[in-house]
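Let's take a friendly look at how two protein chains can meet. Have the sequence and the 3D view ready as you read.

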Amino acid sequence: MAEVQVKDDGGKGGKVRSKKQNTRVDMTPMVDLGFLLITFFMFTTTFSKPNVMDLGLPAKPKENQKPPDTEIKLNNSISLIIGKDNKIFYHQQDQAGLNDQTLIETNFDREGITKVIERAKAGASDKEKFTVIIKPTDDAVYKNFVDILDEMAITKNERYGVTDIKPWEEAIYKKKVGE
Amino acid sequence: MCDVAFLLLTFFILTTQFKKPDVESIKPPSSISEKLLPDASLMTINVTPAGTFYFQPVENGTERIQLLDNMAAKYKLPAFTNQEKVAFTKVQAVGVPIGQLKGFLNLPEDKQKAFKAKEGIPMDSTNKQLIDWVQQSLAVNPNYKLAIKGDVTTKYPKVKGLFEGLRDIDFLKFWLITSQEKSN
């Protein structure tokens, strides 16, 4: 493929004539390489950029400003507690109703938390205002947090909040993980 | 056709920016987000698995020098020499407390690259240097954007502390760097 084609017109006659050389060089390999490089650079330019996820935090309430009324009906919200070792728990209870049985463990799979959120949303009395309350414990890792935000994007939940775990929830959680 | 192909090749070669090697390897968590990191003036906070913070200032020489001056003024440090300022414009990421920055900038370049921060930039309730870096950067140019790159195994309380600090200075919109989730 890469040879330079030389046309030999046979050795006829005794006189040595200067051979007529074909000056056309086969460019195929060079062009092949060119396209290979193009492909390489095209792929690297688009893939070297990392993906990002938007995150907007709520502003801290000013001192002379009353925090807005954030009371949400229990069946209109679901609390997700992110624990250690990639464990996740959920409940729809208040302080009185929460115990070992009502704090339920699930997982980060599609069959787990996605289903739970969808089910809770279907059972909400006001679907427009269905809110997910995310409560990472101090045992949680950053990945869990991102996974949950991701889950919000998957289930198309615009209304969610990240907050600290309440002491009464933490007590039940600690009991559940055996501490 | 070949001409066009080689034109394209030249274009891609010239426009490709190779990823600079990171100081410490951070594996961002995966997400379904398909949004790519925008090209805006971007400062990045890297959080290592151990929870140390690195701050990557915007890649703009003159604005970096302003930032350095601002930080020196804020912490009442002696002014940085011109040599140190030049070193700062080239630095990949800052991972030392402000008091040790002078020593870090005076290291030879190859040592800077291999430098692994033991403590990183302090960020706790009493000493919020990391937040000051962000705040002083914004003072130089309020259009800066912030991206946070955390590792899969970074403890959440570390990240929470950072978020709370950013809320304190009313800087509420930023990006979390993630990797593309593999389709399954």
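## About the model

This is a predicted model, in which local features need pLDDT of at least 70, side-chain atom pairs count only at pLDDT 80 or more, and totals for chains, interfaces and linings use all residues. Residues are numbered from 1 along each chain as its sequence is written, chains are lettered from A and ligands numbered from 1 in the order in which they are written, and side-chain values use heavy atoms, with hydrogens and water left out.

## How much is covered

Chain B brings 48 residues to the contact and chain A brings 41 residues (contact means heavy atoms within 4.5 Å). Together they bury about 4,200 Å², 65% of it on carbon and sulfur atoms. Buried area is the accessible area (1.4 Å probe) that two parts lose on being put together, summed over both. Within chain B, the residues that lose the most area to chain A are Tyr156(B), Arg167(B) and Leu176(B), together 17% of what that side buries.

## Strands side by side

Look for strand β1 (residues 51-56) of chain A: this strand and β5(B) pair in the antiparallel sense over six bridges. Strands are DSSP runs (E, at least two residues), numbered from the N terminus, and two of them pair if DSSP finds at least two bridges between them. Opposite Trp175(B) in β5(B) stands Asp54(A).

## Charges that meet

The interface holds two salt bridges, each a side-chain nitrogen of Lys or Arg within 4 Å of a carboxyl oxygen of Asp or Glu. One salt bridge joins the side chains of Lys160(B) and Asp164(A) (3.0 Å, N to O).

Methods. Helices (H or I, at least four residues) and strands (E, at least two) are DSSP runs, numbered from the N terminus.
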